[in-house]
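Please keep the structure in view while reading.

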Amino acid sequence: MRDRPPRGPEQRERHERHVYGVNPVLEALRVRSDEVERLYITEGQLGSRAAAEILSRARDAGIRVERVTRERLATLAEGGVHQGVVAELRGFQYAELPDVLSAAQESGRPPLIVVLDGIQDPHNLGAIIRSAHALGAHGVVIGKDRAVPVTGVVAKASAGAVEHCPIARVVNISRALEELKEAGVWVAAAEAHATEPLWKARLDGPLAIVVGAEGAGVREGVLKHCDFRLRIPMAGQVGSLNASVSAAILLYEVARQRGMGVSDRARLGDQSP
């Protein structure tokens, strides 16, 4: 999967963002060091191995490092688990929908895109982006309205995957789905009352998976633009799953049907056996 292409100043958020935690900060330094304005570190919390790589990369990139109190770091991380380090970056650079399709074309694999309808929990968004990147999706599409943007909390929950997985932010989710369909992508919605169970659907072709907001699910107006609906069968008494869990299950089934093996995981950056 290619890295997100550079965007022009007109497509950049105008305010800085803070990324915190060892893995998110390291990924930002590895992938986007030119966008890191400053590093904040507190003594006694950052492990020696992580500190060595972080400080080395900051030095090589000419990034200013400030040692601050734990209280100051907690404020920058807005109370999140910062593990002793916070990076200040320029505003997050979103991809465009054509960028996501181009990433799929360059990969040589059928497009796999995750479209999120109204996800408002930053932890859910981060977890979905992490699963999307890990399971071979070419990008994630989110809405500009009634949805959480990419924040430091999202970056932390994604374990740094926001720096690798293209994320497009669109004005209208339904219009984005129509654009994907025009590009030859089939659109499947996760829907609790769908008649077709997940494993009976063929998911190995060009595909966009639509996951709805926590509790509300995919809006009816968006469902009208989907080609088919998928149900995740459950044996328990709970009627629905967390949005990030649903997305992970759907993505895993797609990966299974596509036969993602060792060579695919290596190409995606997973060196585990």
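## A covered strand

In this predicted model, strand 9, made of residues 207-212, is mostly covered, since six of its six residues are buried. Leu207, Ile209 and Val211 point one way from the strand, while Ala208, Val210 and Gly212 point the other way. In a regular strand the side chains alternate between the two faces of the sheet. Both sets of residues in strand 9 are buried.

Which strands pair with strand 9 in the parallel sense? One is strand 5 (residues 112-117), joined to strand 9 over six bridges in the parallel sense. Here Asp117 stands opposite Gly212. Another is strand 8 (residues 186-190), which is also parallel to strand 9 and pairs with it over four bridges. In this pairing, Trp186 stands opposite Leu207.

Four strands form an open sheet in the order 1-4-2-3, with mixed pairing. Strand 1 (17-20) and strand 3 (64-67) stand at the edges, and each has a single partner strand, so one side of each is left without a neighbour in the sheet. From one strand to the next, the twist averages 25°.

Strands of a sheet pair through backbone hydrogen bonds, either parallel or antiparallel. Strand 2 (residues 36-41) and strand 4 (residues 85-89) are paired in the antiparallel sense over five bridges. Within this pairing, Val36 has Leu89 of strand 4 as its bridge partner. Helix 2 (residues 48-61) lies across strand 2, strand 3 and strand 4, and runs at about 145° to strand 2.

## Salt bridges

Side chains of opposite charge can pair when their charged atoms come close. The whole structure holds 14 salt bridges. One of them links Arg57 with Glu53, with the closest N and O atoms 2.9 Å apart. Both residues lie in helix 2, four residues apart, which is about one turn of the helix. Arg57 is partly exposed, with a relative accessible area of 32%, and Glu53 is partly exposed at 25%.

Arg219 forms a salt bridge with Asp117, the closest N and O atoms being 2.7 Å apart. Because Arg219 lies in the loop between strand 9 and helix 8 (220-223) and Asp117 lies in strand 5, the pair ties together parts that are 102 residues apart in sequence. Asp117 is buried, with a relative accessible area of 2%, whereas Arg219 is partly exposed at 38%. A further salt bridge joins Lys181 and Asp227, whose closest N and O atoms are 3.9 Å apart. Lys181 belongs to helix 7 (residues 173-182) and Asp227 to the loop between helix 8 and strand 10 (228-230), so this pair connects parts that are 46 residues apart in sequence. Salt bridges that share partners also join Glu27, Arg30, Glu53 and Arg57 into one network.

## A buried aspartate

Asp99 is placed in helix 4 (residues 97-107). Is Asp99 buried or exposed? With a relative accessible area of 13%, Asp99 is buried. A polar atom of the Asp99 side chain lies 2.8 Å from the backbone nitrogen of Glu96.

## Confidence in the model

The mean pLDDT of the chain is 86, and 88% of its residues reach 70 or more. Over residues 1-14, pLDDT stays under 50, and the model has 39 contacts beyond four places in sequence for this stretch. Residues 262-273 also stay under 50 in pLDDT, with 12 such contacts beyond four places in sequence.

Note on methods. Residues numbered from 1 in each chain as written. Predicted model: local features only at pLDDT ≥ 70, side-chain atom pairs only at ≥ 80, totals over all residues. Heavy atoms only, no water. Pairing = 2+ DSSP bridges. Helix = DSSP H or I, 4+ residues; strand = E, 2+ residues; numbered from the N terminus. Axes fitted to C-alpha atoms, helices over the stretch in contact; angles between N-to-C directions. Contact = heavy atoms within 4.5 Å. pLDDT = per-residue confidence, 0-100. Buried < 20%, exposed > 50% of the residue type's maximum accessible area, 1.4 Å probe, protein only. Polar contact = N/O pair within 3.5 Å; in protein donor to acceptor, adjacent residues only side chain to side chain. Salt bridge = Lys/Arg side-chain N within 4 Å of Asp/Glu carboxyl O.
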